[in-house]
Amino acid sequence: MAEGDPKVFPVSPLLFLPETVGEFAVYLRQGGRLVLYVNKQETFTRAHRDRLMDSGVERVFIASQDREGYDYYVQMNLGRLLSDESIPLEERVQAWRQASASIVKDVFQEKLPRPLSKKRFSDVLALVDATTDFFSNPESLRRIAKFINHGFSLYHHAIGVMVLTVSVLHACEGVSRREMVDSCLGAMLHDMGKTRIPAPVLGKKPEHMSEEERGMIHSHPMMGAGMCLQMPVSKLTQDIVLFHHERHDGSGYPSGLLGEEAPLPVRVVSACNVYDSMTRNLPGRAAKRPYDALSTMNARREYYDPQVLRRLIMVLANAEIA
Ligand SMILES: [Fe+2]
Ligand SMILES: [Fe+2]
């Protein structure tokens, strides 16, 4: 492969964790040429890493055609990467941004109507970028790493809720840019409190949980809001985390807020959270198809702000809901 070949992209060698395998080859630049260093599906060893560190290599290269494999690798190792303090903060933030962008892409492909996707995709990415300041804070990064390490599906769901929330808020009038960014962050962090619930409890079917375990699940919004106090978030972001299980008819938790007592972005996250959860495979329960999820929500429409539910249906209208 010749130097300057546009079909490669540079990455930091620090982002390869020892004893991991990727669906991509890693190249080095040597004397004006790109030379194969680690082959596709070959284990990236500690010795590989040490050699790069000893020679002061700051950038290695990956073929653009292996982009998907590389994105998948970063996603799958994201929690470990973010909590590895030997990697400079900047590189970790970059990994977070890249993995989040590729999850956003998955969500668009899987859940949203094609004709609207392109523009909305760049809108959502711009909002994700606007939260970079938050993720560049070491305490925030440490907590999000813990959240991701607790179960990657939790973070995938968080991004799913975020994409839907932003799409619904785009369809609402009078939402400021600041509120959009805070809502984007709130949706990403909404289940942060689940970090405190043991993974085996999170993996149980609700009907198999003891009273105590159910109590733990119900406490996650409060625990998440408590974590927010230690991070640089706005009141709106914190409200989203605290109130995302409230319902429009006042039957939700933790406070039983009624209707517009909850700010609009909270009502939006609350509905999007239910839709996203229903359309995912969860322990002991297969994902519902979009049409079935919306029908189930519609049968319990008193739980949701009618305007929000209407807009969520509009956003999903061109999706494959048959
Ligand atoms: Fe939740
Ligand atoms: Fe959730």
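Helices α15 and α16 of this predicted model are roughly antiparallel to each other, because their axes cross at roughly 170° and angles over 145 degrees count as roughly antiparallel. Helix α15 covers residues 290-299 and helix α16 covers residues 306-316, and their axes come within 12 Å. Axes here are lines fitted to C-alpha atoms, for helices over the stretch in contact, and angles run from 0 to 180 degrees between N-to-C directions. Helices (H or I, at least four residues) and strands (E, at least two) are DSSP runs, numbered from the N terminus. On the α15 side, the contact (heavy atoms within 4.5 Å) is made by Leu294, Met297 and Asn298, and on the α16 side by Leu309, Leu312, Ile313 and Leu316. These residues divide into 6 nonpolar, 1 polar and no charged. In this division, Ala, Val, Leu, Ile, Met, Phe, Trp, Tyr, Cys and Pro count as nonpolar, Asp, Glu, Lys and Arg as charged, and the others, Gly among them, as polar.

Residues are numbered from 1 along each chain as its sequence is written, and chains are lettered from A and ligands numbered from 1 in the order in which they are written. Local features need pLDDT of at least 70, side-chain atom pairs count only at pLDDT 80 or more, totals for chains, interfaces and linings use all residues, and side-chain values use heavy atoms, with hydrogens and water left out.

Rolling a probe the size of a water molecule over the atoms shows where empty space is left. On a 1 Å grid over the protein atoms alone, a cavity is a set of points where a 1.4 Å probe fits but cannot get out, and a pocket is an open set with protein on both sides within 12 Å along at least five of seven lines; lining residues have an atom within 4 Å of a point. Grid points are joined across faces, edges and corners, and a volume is the space filled by probe spheres set on the points. The structure holds 2 cavities of 30 Å³ or more.

| Space | Volume | Lining by class |
|---|---|---|
| Largest pocket | about 1300 Å³ | 15 nonpolar, 15 polar, 12 charged |
| Largest cavity | about 80 Å³ | 5 nonpolar, 3 polar, 4 charged |
| Second largest cavity | about 60 Å³ | 7 nonpolar, 3 polar, 1 charged |

The largest pocket is lined by 42 residues, of which Lys194, His245, Ser277, Leu282 and Arg285 are the closest to its centre. Helix α14 gives the most to this lining, with 5 residues. The lining of the largest cavity includes Glu246, Arg247, Tyr303 and Asp305, whereas that of the second largest cavity includes Phe16, Thr20, Glu42 and Tyr73.

Side chains of opposite charge can pair when their charged atoms come close. The whole structure has 16 salt bridges, each a side-chain nitrogen of Lys or Arg within 4 Å of a carboxyl oxygen of Asp or Glu. One of them joins Lys40 and Asp66 (3.3 Å, N to O). Lys40 lies in the loop between β4 and β5 and Asp66 in the loop between β6 and α2, 26 residues apart.

Two details of the backbone remain. The peptide bond from Tyr253 to Pro254 is cis, with omega near 10°, and Pro254 belongs to the loop between α13 and α14. Glu19, a residue other than glycine, has a positive phi, near 65°; Glu19 is found in the loop between β1 and β2.

Methods
Angles under 35 degrees count as roughly parallel, over 145 as roughly antiparallel, 65 to 115 as roughly perpendicular and the rest as oblique.
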